[in-house]
Amino acid sequence: MFTPLGLFKDIPCPEGQRCSLLTCIFSHEYAPSPSIDVSNAQDTTERPKETTDEGPPLKKPRLDTSPKVTAQKTQSPSKPSKAVTKPASAPNVGAASKPQQISQSTTKIQSMSREVSPPPLKKDALAKTKSQASSKSDARLPPRRAPRESLNPRMLPKAPVSHGVRLSILTKLHVAMCAQNEKLKKEGATENPLVLSPNELVTMALDEEEKAAKQNPGIYANVIKLRIVKLPKLGLEDWKKEVKAHLNERYYKIEPSQQSQQIAPPKILDTGLSAKEEIALLSKLITPVEGLEAHGYVTRVPTKEEVESARKGVTESKGWEKCDRCGGRFQVFPGRREDGSLTTGGQCTYHPGKPFYPPRKQTDHITGPREAYFPCCNESIGTSSGCTKGSTHVFKVSEFKRLASILQFEETPVQPEKGTQHPVCFDCEMGYTTMGLELIRLTAVSWPEGKELLDILVRPMGEVLDLNSRFSGVFPEHYTKAIPYGSTTTPVLEDGEVEAKPLQVVESPAAARALLFKLLQPDTPLIGHAIDNDLNACRIIHPTIIDTVLLYPHPRGLPIRMSLKALVKKHLDRDIQTKGNQGHDSKEDAVATGDLVRVKASETWKILKSKGWQIRDSKLAPPPGTRDVAEDRRLGPGAGHKRKDGALT
């Protein structure tokens, strides 16, 4: 027999108390043995073995070898003492009446498994005992079996960084988690189920690092470093919530959506500026789009000749399009073909995620650059035709002339009777139809407050091919439950409960555009992320826009753009678009976009304030003796004046 190494001493035995081994390598927790009053240590007799019909005899409980003498001695010291016990037939050993005195003959100690009724408790003690029992039952959880893993990053098909960098980051993450675990251990008893064992801490760190590497490969380093900085600042209550979520997902297989606890709302952004001061700073953030027509920004209304030329091209193409997902050619039939078909080509096999290109490293000339891959399935480009199947092929129209042939563009109208309008932040969701990628939902919120101004579903002009629910968050049931715009009725279920407020729906993109125009003037700042896509879907030309894609440009410039999710995580430390296949929430995206602009306004104010700028009467005022260049541009050429050195100010 080899000496056990104790590797399994922390793991509960699978057989539990039915284990028949004399020396088991697993852990066994013994129930405390009931105390027995004896007056003679030598009076020990045989005890019958406990047996059950289901398995081997139970393990014998450990007994205290030191005898306890509690009974009053009635004999003289010279006489041998006798054991005093209760008769087996007594219905209640701890009754209020005086216990009966048994005969002088020695009796055998009863079996340890016999249940003995405790003495009656007083009212207060009884209530305390019940509360303790209920708390213990609430805290009783199934045993957790954490795998014995080393603090070494798990293997991934496509790692975002080198193994050495991952190991360094993982070590720091584990240290921060251990510190929080020690704080929790000092706060209460060590039997708290939220206090993690060393193996569980290693597993938690490995899970979090692996999740960040898989879900955010492009911004892996930023995400995980922010997490390491944030961990020591967490309060115990926040740490407990995170531990509960981890334990539920890892050991108890409870999905986050099924947990009883609700996700805390995002923290309110505080820029240190009032709403009027932030609005005054927007004049410095207006995005000029002149010269960006090649990147999708439409700055003028197409002429009738251009529209007719686009329609003629569509007619001559006989409905042949290029699939926006797989790149294949197929034919589309607006209004349906005689046999009822909308498209040809059958199913579409594609990758829903965009390919990820790992950043270049100095060692690429030695080891060669790493291959690009799809984050949705970690497959290299060219090795797989796709990991997802769609019921039909789809297409997207990008040329502004052809967009105008479907629905003509309109400029934001001047509405003198409404006066100055507050800035608006908006976001649109699009779905695929026989007319291309069409508007299906429009959401507008006030800036900087983020209050809802407009949130509607839109019936597209073409027949729906795919609502693009994975990204749009719009499903067929949204349309079936929708109510006409302006309706105030709330659906009531059969049992009398009020159903969640459904979305209102308008009959066309033109109707949605008209509702948005009611919130705007030509000089009203309109805020969005990649706003050219939203404006083109609505067929709007607006002269005063603020695009977060241009406020936070990609290091390599257009046409490469930073995603909204990455920008929000980096600058707001907030997670959005976390619903997976449930898609995006246009209201959440609109509010997040507005908060990004608020952060940029705060940064801009710090620079302007250091140069002597001021905010007077809710307007931005340049330093004394200078003029606002933005105002000079608005007034036209020649508005500026020259300094002594000849430069315009």
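This is a predicted model: local features need pLDDT of at least 70, side-chain atom pairs count only at pLDDT 80 or more; totals for chains, interfaces and linings use all residues.
**Exercise 1. The whole protein**

Task: Find how many helices and strands the protein has, and what share of its residues is buried.

Solution: 
- Start with the secondary structure. The protein has 17 helices and 18 strands.
- Next, look at burial. The chain has 649 residues, and 36% of them count as buried.
- Finish with the contacts. Take those between residues at least 6 apart in sequence: 64% of them join residues at least 24 apart.

**Exercise 2. The cover on strand β8**

Solution: 
- Find the strand. β8 covers residues 424–433.
- Count the buried residues. Ten of its ten residues are buried.

**Exercise 3. The partners of β8**

Task: Work out which way β9, β14 and β11 each run relative to β8, and name a residue pair for each.

Solution: 
- Begin with β9, residues 436–446. It pairs with β8 in the antiparallel sense, over ten bridges.
- Check the link. A hairpin of two residues joins β8 to β9.
- Pick a pair. M430 stands opposite L439 of β9.
- Move to β14, residues 526–528. Two bridges join it to β8, and the two strands run parallel.
- Pick a pair. V424 has L526 of β14 as its bridge partner.
- End with β11, residues 464–466. It pairs with β8 in the antiparallel sense, over two bridges.
- Pick a pair. Y432 has D466 of β11 as its bridge partner.

**Exercise 4. A lysine in a loop**

Task: Place K158 in the chain, explain why K158 counts as buried, and list what K158 touches.

Solution: 
- K158 sits in the loop between α1 (123–139) and α2 (163–187).
- Recall the cut-off. Buried means under 20% relative accessible area.
- Apply it. K158 has a relative accessible area of 19%, so K158 is buried.
- List the neighbours. Leaving out residues up to four places away in sequence, K158 touches E371, Y373, N378 and S380.
- Look at S380 again. Its side chain and that of K158 are joined by a polar contact of 3.1 Å.

Technical notes
Residues are numbered from 1 along each chain as its sequence is written. Side-chain values use heavy atoms; hydrogens and water are left out. Helices (H or I, at least four residues) and strands (E, at least two) are DSSP runs, numbered from the N terminus. Buried means under 20% relative accessible area, exposed over 50%, partly exposed in between (1.4 Å probe, protein chains only). Contact means heavy atoms within 4.5 Å. Two strands pair if DSSP finds at least two bridges between them. A polar contact is a pair of N or O atoms within 3.5 Å; within protein, one must be able to donate a hydrogen and the other to accept it, and residues adjacent in sequence count only if both atoms are side-chain atoms.
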